[in-house]
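Subject: Structure for your files

Hello,

Here is the structure I said I would send. My notes on it follow below.

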Amino acid sequence: MRFAAIGTIIVICLGTYLAATRPVERAGPGQVELRFAFPASASSLSSYTRIVRRFMELNPDIFVKLEPVVGDFRRAAQRDLVANMAADVFLSDDDDFAVFAKDGHYLDLDPLIRQENFDLDAYYRQAVESFRWNEKQYGLPSVWGCSLILYNKDLFAEAGVTADPLNWTWSEFLDALEKLTKPRIRDGKSVPCYGYVRDNQAHAMCHIWQAGGTILQRQFVCPDCGARTDVSDIAHAAEAACGACGRNLAGAQETYVGRINTPEAVRGVQFAVDLMKYAPRQQANNNSEQSMNRELFATGRLAMIRGGPFSAAQFKDTNVNFGIAYYPAGPGGRWTRFYCDGFAIWSKTKHPQEAWRLLKFVCGPQAMRVHAKDGSSIPSLKAVAESEYFNRPDTPWDEMKFVRSIDHARFMRKTPQWDEVSSQMTRYLDLVMMDANASARISPQEFGDACQKEIDRILARAAAQDAATAGK
Amino acid sequence: MKINWFGYRPGRPNASQSIALRVVLLACVATMILPFLWMVSTALKDEKAFQTDPMGWLPAIPPYKAAGTLSIDCVRATNEDFEDVLLADFEECEAAKAPKAVARAGQGALALTYGFPREGGAGRAEAVCAVKPSREAGRATMISFWLHGDGSGHRLRVRVSGKGFTYRCGEPLPITFEGWKEVYCFLRPEEFDPLGRALLQLHRESGGDDDDLVPVAAIEEVAFRLESVSRAEQVWARLTHSFRVAWSSMPFGRFFLNSLFIAIAVTIGQTLTSSLAAYAFARLEFGGRDKLFLAYLATMMIPGTVLIVPTFLLMRWLDWFDTYWALIVPAMFSAYGTFMLRQFFKTLPRDLEEAARIDGCGKLRVWYHVILPLSRPALATLATFTFLGSWEAFQWPLFATKSMHMRVVQVGLSSFQDKYDVQYNLLMAAALIVMVPTLLVFIFNQRFFTRGIVMSGMKE
């Protein structure tokens, strides 16, 4: 009983203290309260604390309650949206954007953008498109990134690789890998050194593009003749013309079709498979592979690693003398994947005007400067990305190489079914990348055919669901 | 047929058997303890230690440096709109050549040369730079500069002054890193520190308080002072680097108190409700008692994850979301605790209880005055299990809270891993801090663990 009494006293004292020291997180008189949700890594917490404080200084009529989300942000956002308690402004990335946009969770920003002539051209086009769905703008971009390659300059020099890593081709890339993948003497011992890493589904996709293929082809259905016209993922219907009747496609319905078993796409997969012999042996999963590859690169046993600004910032404390390389160009050109984070307003917010002010600020120049100085991703505002805030004069690498990669960074619109398509691709990619003598191994053509079948099934099911929903 | 494993015979083992047994036991202990030792070792390392080959067990501590030179370059001020203004880039200074990382911004660097008495004598070195903002740009919130550290562990203080104001350091910055690193000196109080950065919080000493910002144009001088540390202080600074960064990057103090409050409240609550329910199921006679008990027991078969959504909806309906109620009340009821105590209560002699009833005690008084005092071991076991379970809870607190000040330590720990990366040294350091209460409870109550397992399987 003595312990119970002591425990009770502790609980009362602690409870009183915690209640008394609870920070005031409520709007004052005359203030509108907005809730702002973002992923709670320690660095983002610091950045957004400062950004939001400045916003409140400039907008004294608004109080912003920070809601840092620990863990899987997408799951937390789903919970909040379903429970009708989402934040007024919250982070969205291009992975989950289409799912939430389709379900009507985002506020349509077009009226607000028109109302004040907000300049979307100040942002990179791919970044703006990342938050566009069914011809409506639902969010503003914050920072973007793309897959590039960091290479060990010393290993390149030692192996006699002379190809320009910003302009190389598939054959030059393979030639470089051939020279780089060999045992080297480290501390008197012979250790295997590798040229490149195993590509996962997201990066095999880049090789498919480089070969001239694609996975999901976006099409507009002509409202007049019903013909389907292939368009790029960043095309607007009002800017496109029907391939059959030549009329403007404004108001056209958007649709997707699988194209992963074309000869071009299969050639891209074959290239990804060809790179395998220059990579360390596969690990159990992508996550364990990443950390192992980082260690190999940091210790000079891996000549090239996929990476972007984030990885460059990570490796700056190592002794590796690294440079930035672009993906090699294949028969279909030089392509890498583009990804973007941004913010959107909850469609049920009670304060759309105030939320719009906050949204503009967290995706505006002040906030971008904070992200730019952080250096781990590229600001979506062109002016900041190309300024000294991102292109730091005091770092050993040239950040403009990241920025210039926008020319070959391809935005792929992720449909609500993309998750499923992607997991099927991952499943078959594991089989195609098995050892040559493995009985379960499949060929790139078999990979393409199997994935095509899955994509057709997934898209047909989604179309049937949409038709049923429309029927109701 | 009786199998004689490895020639084992019951009775006192001979010398070789005894040695073999000890070797096997030691191997088992080593297997279990090695991951923990690796965790401790990781927490004592800095970020760079993960990029060496091969990774060592012990953190690398550089030799004591009594003399050396630190280089400083690119001193900037940042205004409220996060715009940078260059204050000094030391183009003419040739005292120490900066490597290419900084040389792109200027030809040289400001040298902070020190020569301290060996192994711990007090000493100071100072370098002052007069600054001239390249343009007028609002009010200064931060001063930043590049510093070439030498890992000496000596402590750096920064002073920023101008007409009518002086900012001085609170806590100095131990130079535990080697190579160039950007150092941030906040001129206004900041709640959280960005990870992996070298930070200093400056306080306004004269000419106003911390929230009064000064114009960038008014800054006239930035002074850097290096204070010597002893070898012991240097080693300490190096070993505690991850702990300090981890603790300051999140409001861990608040998380810690939240966890403590919730764990103790749940422990008291669950012990109370379980003992009352167990008493009812063990001693009170009412229709359908055993069926009801079985039904209650069957809830143990339902995975906790399945209950999250209904519990969440209930909390929302009660308007308890993001409150301590949501973290405490659902955890106060436990089928396992009830089952364990019921089994224990059934072993208590009924005579004592009947004697109390004859003396006029009601059911509640019998429970309080007879059953509970006799059940101390069982209650302690349950309390131990409950405290540990509550302290280690992650999923429900993550689901039931939103505000930063409501988070618990386990949720705070997961902040060291984001979409792309895990800060292993910080994660391990924070995990070690979080483990302390668990370890204490385990050390003092370990006998209850085995007893708890025995009691759960006790026959009537």
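**Helix α10 of chain A**

The buried residues of α10(A) are covered by elements that include α8 (170-180), α9 (201-210), α17 (418-432) and α18 (444-471) of chain A. Please keep in mind throughout that this is a predicted model. The buried residues in α10(A) are A:A265, A:V266, A:R267, A:G268, A:V269, A:F271, A:A272 and A:V273. The helix itself spans residues 263-274 of chain A, twelve residues in total. From first C-alpha to last it reaches 16 Å, close to the 16 Å expected at 1.5 Å a residue.

**A three-stranded sheet in chain A**

Chain A also has an open sheet of three strands in the order β13-β7-β14, with antiparallel pairing. β13 (304-307) and β14 (322-325) of chain A are at the edges with a single partner strand each, so one side of each has no neighbour in the sheet. On average, neighbouring strands here are turned by 30° against each other, direction ignored. Strand β7 (residues 148-152) of chain A runs antiparallel to β14(A) and is joined to β14(A) by four bridges. One residue pair to look at is A:Y151, whose bridge partner in β14(A) is A:G323.

**Two residues in chain B**

B:C185 sits in strand β9 (residues 178-186) of chain B. B:C185 counts as buried because 24 other C-beta atoms lie within 10 Å, where 20 or more is the cut-off. Leaving out residues up to four places away in sequence, B:C185 touches B:M142, B:I143, B:S144, B:V158, B:L200 and B:L202. B:F145 is 40 residues from B:C185 in sequence, and their C-alpha atoms are 8.6 Å apart.

B:L297 belongs to helix α6 (residues 289-298) of chain B. With 15 other C-beta atoms within 10 Å, B:L297 is partly exposed. Beyond its neighbours within four places in sequence, B:L297 is in contact with B:A335 and B:F339.

**Confidence**

The predictor gives the complex an ipTM of 0.81 and a pTM of 0.83. The average pLDDT of chain B is 82, and 85% of its residues score at least 70. Where pLDDT is low, the predicted coordinates should not be read in detail.

Regards

Key: Residues are numbered from 1 along each chain as its sequence is written. Chains are lettered from A and ligands numbered from 1 in the order in which they are written. This is a predicted model: local features need pLDDT of at least 70, side-chain atom pairs count only at pLDDT 80 or more; totals for chains, interfaces and linings use all residues. pLDDT is the predictor's confidence in each residue, from 0 to 100. A residue is buried if 20 or more other C-beta atoms lie within 10 Å of its own, exposed if 12 or fewer, and partly exposed in between; C-beta atoms are placed from the backbone. Two residues are in contact if their C-beta atoms, placed from the backbone, lie within 7 Å. The expected span of a helix is 1.5 Å times one less than its number of residues. Two strands pair if DSSP finds at least two bridges between them. Axes are lines fitted to C-alpha atoms, for helices over the stretch in contact, and angles run from 0 to 180 degrees between N-to-C directions.
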